[in-house]
Amino acid sequence: QVLLVESGGGLVQAGGSLRLSCAASGRTFRTMGWFRQSPGKEREFVASIGWSDDTAYYTDSVKGRFTISRDYAKNMVYLQMNSLKPEDTAVYYCAAARIVATKLHDFDAWGQGTQVTVSS
């Protein structure tokens with residue numbers, strides 16, 4: 001069983017920055033990821049990182065603005081979000097997978113989510 005706890009969400013103006021954190025505990029995992037969901041929309045992939053090899057993937061809309069990273073010793077995953085846009089507004093979820101993954105259905109452990117609101 002994996003326990004994931006997100007923190008770091010909040011309200012920020014367009015162009016600003018936020019850093020999300022995810023504390024992970026429990027079983028081992030292969031991939032950690034961030035997803036987001038806004039009202040009326042499906043949950044979508046944002047970024048993922050290989051737990052052992054640090055390989056990162058991003059959805060096109062955040063490339064160059066968001067950076068995913070992990071602290072192996074602390075079992076933490078981070079999402080640094082820069083140049084935020086109103087369309088980034090969503091609940092952001094931390095997720096864990098037993099395999100190399102970028103698809104929602106490949107992740108089998110989820111945090112409770114943290115709200116990110118970007119005002120224009």
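**Cysteine pair and nonpolar cores**

Reader: What is the relative accessible area of Cys22?

Author: The model is predicted, so local features need pLDDT of at least 70 and side-chain atom pairs pLDDT 80 or more, while totals for chains, interfaces and linings use all residues. Residues are numbered from 1 along each chain as its sequence is written, and side-chain values use heavy atoms, without hydrogens or water. Buried means under 20% relative accessible area, exposed over 50% and partly exposed in between (1.4 Å probe, protein chains only). Cys22 is buried, its relative accessible area being 0%.

Reader: Which residue forms a disulfide with Cys22?

Author: A disulfide is a pair of cysteine sulfur atoms within 2.5 Å, and the count by this rule is one. The sulfur atoms lie 2.1 Å apart, and the partner of Cys22 is Cys94.

Reader: How many residues apart in sequence are the parts that this pair ties together?

Author: The link of Cys22 and Cys94 is left-handed, with -80° about the S-S bond. Strands here are DSSP runs of E, at least two residues long, numbered from the N terminus. Cys22 lies in β3 (residues 18-26) and Cys94 in β9 (residues 90-97), so the separation is 72 residues.

Reader: Which residues touch the most other members of the largest nonpolar core?

Author: A nonpolar core is a set of buried Ala, Val, Leu, Ile, Met, Phe, Trp, Tyr and Cys residues joined through side-chain atoms within 4.5 Å. The largest holds 28 residues, and those touching the most other members are Leu4, Met32, Trp34, Leu79, Met81 and Tyr92.

How values were computed. Helix = DSSP H or I, 4+ residues; strand = E, 2+ residues; numbered from the N terminus.
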